Amino acid sequence: MVNKLSEMDFNQDISKDDLFKVLKEEARSIHIQDIMKGSNFLKEDVKFLPTWEREDIIARFTKALFVRIKDIKDDRSHYSGYVDSDKLKNFLNIQNDSIQNSQSLDEKCFYRIARVVSTYTAFVKEEPIHPVGTRFPGGFTLQLVDGVYLCPVKDKQKDTPSALCRFCVSVQDKSVD
């Protein structure tokens with residue numbers, strides 16, 4: 001059995017359940033110190049934002065990363081269906097580039113955790129990469145309305161090479177231009 005994302009064969013069908021098992025193994029290798037290092041990177045990365053926005057982002061994303069890693073470790077569900085192997089491969093290539101290009105151990109920890117969490121969220125759970133309620137510049141938030149995830153920035157980011165927006169299940173919130 002494959003135990004790491006880097007060992008996956010993208011030339012064959014990949015079930016959600018098999019991907020989930022790999023992500024569970026990866027989550028088990030992430031410790032509280034890694035989350036603290038990732039949080040340190042996040043603090044450094046947003047240090048030039050206004051205080052209220054900076055504190056909100058740090059609190060929200062640290063909690064989201066910590067809670068999602070715990071969710072993955074504790075999740076006893078079985079997931080039916082298959083993922084799009086090509087889409088998953090492209091998604092992970094972007095994530096791996098971020099890890100490889102990290103300038104510090106803190107940054108590497110952040111991207112390593114984000115890779116596990118976002119892969120679980122986007123491909124296993126089929127939920128948006130950012131948690132519902134995530135606030136974006138301009139004060140707009142990601143919302144769930146009538147079973148549809150509405151993102152205020154999807155269209156603006158979907159062509160950015162390092163952005164994961166094009167893989168996200170959310171759709172552009174048409175009330176935001």
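A search of the whole structure, which is a predicted model, finds zero disulfides. Cys 151 takes part in no such bond, and the nearest cysteine sulfur, that of Cys 165, is 6.0 Å away.

The packing of helices was examined next. Two packed helices are described by the angle between their axes and the distance between the axes. For helix H2 (residues 32-45) and helix H5 (residues 105-124), the axes come within 7 Å and cross at roughly 110°. H2 is therefore roughly perpendicular to H5. On the side of H2, the contact is made by Asp 34, Ile 35, Lys 37, Gly 38, Asn 40, Phe 41 and Leu 42. On the side of H5, the residues in the contact are Leu 105, Asp 106, Glu 107, Cys 109, Phe 110, Tyr 111, Arg 112 and Ile 113. Sorted by class, the contact of H2 with H5 has eight nonpolar, two polar and five charged residues.

Nonpolar residues are also considered as a group. In soluble globular proteins, nonpolar side chains tend to be buried together. In the present model, the largest nonpolar core has 37 residues, and Leu 19 and Leu 88 touch the most other members. At least two residues of this core are supplied by each of helix H1 (16-28), H2, helix H3 (51-74), helix H4 (85-100) and H5. H5 gives the largest share of the core, eight residues. When neighbours within four places in sequence are left aside, Leu 88 is in contact with Phe 10, Ile 14, Leu 19, Val 83, Thr 119 and Phe 123.

Most residues other than glycine have a negative phi. Glu 126, although not a glycine, has a positive phi of about 55°. Glu 126 lies in the loop between H5 and strand E3 (143-145), and its relative accessibility of 43% places it among partly exposed residues. Asp 146 is likewise a residue other than glycine with a positive phi, in this case near 50°. The loop between E3 and strand E4 (148-151) holds Asp 146, which counts as exposed at 77% relative accessibility.

The loop between H5 and E3 also contains Val 132. This residue is partly exposed, with a relative accessibility of 46%. Apart from residues up to four places away in sequence, Val 132 touches Leu 142, Gln 143, Leu 144 and Tyr 149. Val 132 and Leu 150 are 18 residues apart in sequence, and their C-alpha atoms are 9.0 Å apart in space.

A further loop, between helix H6 (154-157) and strand E5 (171-172), is the place of Ala 163. At 11% relative accessibility, Ala 163 is buried. Its contacts, not counting residues up to four places away in sequence, are with Ile 94 and Gln 157. Ala 163 and Leu 65 are 98 residues apart along the chain, with a separation of 18 Å between their C-alpha atoms.

Two helical positions complete the description. Glu 44 lies in helix H2 and counts as partly exposed at 47% relative accessibility. The C-alpha atom of Glu 44 is separated by 9.9 Å from that of Arg 54, and the two residues are 10 apart along the chain. Thr 51 is located in helix H3 and is partly exposed, at 43% relative accessibility. Between the C-alpha atoms of Thr 51 and Asp 13, which are 38 residues apart along the chain, the separation is 46 Å.

Key. Residues are numbered from 1 along each chain as its sequence is written. This is a predicted model: local features need pLDDT of at least 70, side-chain atom pairs count only at pLDDT 80 or more; totals for chains, interfaces and linings use all residues. Side-chain values use heavy atoms; hydrogens and water are left out. A disulfide is a pair of cysteine sulfur atoms within 2.5 Å. Axes are lines fitted to C-alpha atoms, for helices over the stretch in contact, and angles run from 0 to 180 degrees between N-to-C directions. Helices (H or I, at least four residues) and strands (E, at least two) are DSSP runs, numbered from the N terminus. Angles under 35 degrees count as roughly parallel, over 145 as roughly antiparallel, 65 to 115 as roughly perpendicular and the rest as oblique. Contact means heavy atoms within 4.5 Å. Ala, Val, Leu, Ile, Met, Phe, Trp, Tyr, Cys and Pro count as nonpolar, Asp, Glu, Lys and Arg as charged, and the others, Gly among them, as polar. A nonpolar core is a set of buried Ala, Val, Leu, Ile, Met, Phe, Trp, Tyr and Cys residues joined through side-chain atoms within 4.5 Å. Buried means under 20% relative accessible area, exposed over 50%, partly exposed in between (1.4 Å probe, protein chains only).
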